[in-house]
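Here is a friendly walk through one protein chain. Keep the 3D view open as you read.

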Amino acid sequence: MLQGFKEFVLRGNIVDLAVAVVIGSAFVAVVDTVVTSLISPILARLGGAQVDRLGFQLGASGNAATLIDLGAMINAAIVFVITAAVVYFVFVLPLNKLSELRAAGEEEEPEAPTEDVIVVREIRDLLAARDNRP
């Protein structure tokens with residue numbers, strides 16, 4: 001059972017996935033900081049309001065739990081799109097190109113001849129041997 005688990009973990013795909021998750025998690029923090037510190041102020045300047053206060057209250061109670069925060073949703077969408085784009089262009093696209101280059105260097109083995117082709121070749125060889133007898 002442990003041998004099977006070891007083979008599964010070391011197969012390659014699971015290790016690649018673990019690396020991608022760790023790098024992606026670290027990168028999300030960087031993108032979130034850039035969006036909060038750079039993009040949100042730009043949007044606030046263009047929109048005339050602070051993005052973190054962009055939203056509306058359900059009812060007039062002033063309860064923070066009833067705030068629909070559109071600014072947070074916009075920030076989350078921007079973080080997702082930037083993160084997905086970077087992961088695609090930095091990791092997925094180069095690895096796909098590398099796989100294509102590796103596959104291009106390998107030639108497929110020719111198919112084994114079918115049974116009828118083998119029989120025809122044997123007949124040909126027997127006829128050639130018979131005609132070449134002294």
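The notes below go from the overall layout to a pocket, an aromatic pair and one valine.

## About the model

This is a predicted model, in which local features need pLDDT of at least 70 and side-chain atom pairs count only at pLDDT 80 or more, while totals for chains, interfaces and linings use all residues. Residues are numbered from 1 along each chain as its sequence is written, and side-chain values use heavy atoms, with hydrogens and water left out.

## Overall layout

The chain holds four helices and two strands, and along the sequence they follow the pattern α-α-β-β-α-α. Helices (H or I, at least four residues) and strands (E, at least two) are DSSP runs, numbered from the N terminus.

Of the 134 residues in the chain, 7% are buried. Here buried means under 20% relative accessible area, exposed means over 50%, and partly exposed lies in between (1.4 Å probe, protein chains only). The chain exposes about 11,200 Å², with 66% of it supplied by carbon and sulfur atoms; these areas come from the Shrake-Rupley method with a 1.4 Å probe, and for residues only the protein chains shown count as cover.

Contact means heavy atoms within 4.5 Å. Among contacts in the chain with a separation of 6 or more, 40% join residues 24 or more positions apart.

## The largest pocket

Which residues line the largest pocket? They are Asp16, Leu17, Val19, Ala20, Ile23, Gly24, Val87, Phe91, Val92 and Leu95. Helix 2 (13-47) and helix 3 (70-105) are the elements that give two or more residues to this lining, and helix 2 has the largest share, with six residues.

On a 1 Å grid over the protein atoms alone, a pocket is an open set of points where a 1.4 Å probe fits, with protein on both sides within 12 Å along at least five of seven lines; lining residues have an atom within 4 Å of a point. About 300 Å³ of space lies in the largest pocket, where volume is the space filled by probe spheres set on the points, joined across faces, edges and corners.

## An aromatic pair

There is one aromatic pair in the count. The ring centres of Tyr88 and Phe89 are 5.1 Å apart and their planes meet at 80°, so the pair is edge-to-face (centres within 6.5 Å, planes over 60 degrees apart). Tyr88 is partly exposed at 38% relative accessible area, whereas Phe89 is exposed at 54%.

## A look at Val86

Val86 sits in helix 3 and is partly exposed, at 26% relative accessibility. Not counting residues up to four places away in sequence, Val86 touches Phe27 and Phe91. Val86 and Val31 are 55 residues apart in sequence, with 9.9 Å between their C-alpha atoms.

Terms used. Rings of Phe, Tyr and Trp (its six-membered ring) pair if their centres lie within 6.5 Å; planes under 30 degrees apart count as stacked, over 60 as edge-to-face and the rest as tilted.
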